[in-house]
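Student: Let's go through this one together. Can you put the model up, and then I'll ask away?

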Amino acid sequence: MNPCPIVPAPRTYRPCDGFFLLPSGGNVVRLLTKKLDSSISGEESYRLEITPDDVVLTASAPCGLFRGFQSLKQLVFLAKDGRLPCAVIEDSPRFAVRSFLLDSARHMPSVEEIFRMIDGAALFKLNRMHWHVSDDQGFRIESEVFPRLNTVGSYRDGDTFGGEKKPGRIGGYYTKEQVKEIVRYAASKYIEVVPEFDMPGHVSAILASYPELSCHGGEYCVRTEGGIFPDLLCAGKQSVMNWIVQLLDEMLPLFPSEFVHIGGDEAPKGQWYSCEDCLRLMREKGMKNAEELQQYFTLQVCDYLKSKGKRAIVWNESLKAGALPPQITVQYWLGDKKTTLEHMAGGGQVIASEMKYMYADYPFFMTPLSKTYRYDPFPHHPEAVAGVETTLWSEYITTEARLHEMAFPRIAAAAEVGWTEKTGKKYARFHRNIKRLLPLLRSMGIAAAPVRDWSGASPRALREMARFLHRTSAGKMVPRQMQNIKEEKRLARLQGFSD
Ligand SMILES: [Zn+2]
């Protein structure tokens, strides 16, 4: 049994005789010796040596020192009677990317709340925050170039998520100063912020602000409920691509990350099949169907990002019309894995966030903690896995307390999937260790889900599941999606396309 109490479990942990005596108050920072040593491979790797005389943390880069310090922080917290057991830890991550998705579009956490999420994620050595800032229910970043994105697109007329009505003007946006503050804060914890501007679907808030970006004009509203909507950016008008370029030109300087997520999920194509401009482009280019038009649209945006020195990430639906260049990272969440595997075989990288394991906004009854922990992303192609991500879609996450109990301890389980080698994983050990770290999280202002809920079998977890089913059926998500698909197929046939 690995006696190491750290989460995520390190690559190697060698207990030694003796104890380092902590100063009163447990503040080890004063006594810690930090060393940079270029012979340690990997900027996140570190070596932590605790002897009776000193505590020495060595890494090749400041990032590795920070990761190592998180291990030390946990060990100091767990130390009994001011005695830190002597040990040598040598550690490095399994995957380059360990990410969590924060959805500010459906419900918008404050800057301070985001800071606390970043603190919690950093404790478990996550290194990326995928920030979902634009969707049907709101656009969340200040725009001076397109101010209606804020005056119109950042607010909705009440909430009807899952049939539960809440009146009033709901929403808001982060100022550019706040965005910079969040990016800086995350960077101080070696977490990079990757923004997601979802397109061509999930754009009701953008179209409510600028209806001329749609296929048919007319009136659009910022959506007050969850689900999949037929609203799309028009892929056939050059003016729309020009608009996207201007938006990216304004937004990209806020985010130093090399990566930008451009969505591409859940885009039913009914509107494209009834748009003169989209149909003209499809016929001119000899496209077989509107999935090829989405591929064309995606490639245009990716090429523009490339010209700006950025790399795109897309959801796996973007592969429906066939392969994308390997420079584009694909995020797999649901559906046929074949296209994603082909992308991997072609040299492309994948971020794995398979819904049934990694969606932290789902009840424990559906995804017990052990299931997230046991996720083994694309086990036959680990070399093509850039990393893993746990998602916190916020249709039903309306308060910080709710955010914390959905995120923790699942983030810790996901962190171990991403950081710890498969051979070092053991659920029983993880379960014991994370339980002991809950008071540390509490001291950071984070109240995790109660231990009895983690298996999904507690009375409370069952009530959660019942509420989830009620919301899903009251929100009529499945029938609405079926209607979207039916309409797409009908219009495709009408225009002489395959589907
Ligand atoms: Zn169109």
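Tutor: Helices (H or I, at least four residues) and strands (E, at least two) are DSSP runs, numbered from the N terminus. Residues are numbered from 1 along each chain as its sequence is written. This is a predicted model, where local features need pLDDT of at least 70, side-chain atom pairs count only at pLDDT 80 or more, and totals for chains, interfaces and linings use all residues.

Student: Where is proline 409 placed, and what is the omega of its peptide bond with phenylalanine 408?

Tutor: Helix H12 covers 400–407 and helix H13 covers 410–419, and proline 409 falls in the loop between them. The bond from phenylalanine 408 to proline 409 is cis, with omega near 10°.

Student: In what order do the 5 strands of the open sheet come?

Tutor: Strands count as paired if DSSP finds at least two bridges between them, and the pairing here is mixed.

Student: What is the bridge partner of arginine 14 in S5?

Tutor: S1 and strand S5 (residues 83–91) run antiparallel and are joined by 7 bridges. Within S5, the partner of arginine 14 is valine 88.

Student: What angle does helix H1 make with S4?

Tutor: Axes are lines fitted to C-alpha atoms (for helices over the stretch in contact), and angles run from 0 to 180 degrees between N-to-C directions. Contact means C-beta atoms, placed from the backbone, within 7 Å. H1 (residues 62–78) packs on the sheet, touching S2, strand S3 (46–50), strand S4 (55–59) and S5. Its direction and that of S4 make about 150°.

Student: Are H2 and H4 roughly parallel or roughly antiparallel?

Tutor: The axes of helix H2 (residues 111–123) and helix H4 (residues 176–188) come within 10 Å and cross at roughly 15°. Angles under 35 degrees count as roughly parallel, over 145 as roughly antiparallel, 65 to 115 as roughly perpendicular and the rest as oblique. So H2 and H4 are roughly parallel.

Student: Which residues of H4 make the contact with H2?

Tutor: On the H2 side you'll find Val111, Ile114, Phe115 and Ile118. Facing them from H4 are Gln178, Glu181, Ile182, Tyr185 and Ala186.

Student: Last one: where does lysine 125 lie, and what is its phi?

Tutor: Lysine 125 is in the loop between H2 and strand S7 (128–135). Phi is positive here in a residue other than glycine, near 70°.

Definitions and conventions. Contact = placed C-beta atoms within 7 Å.
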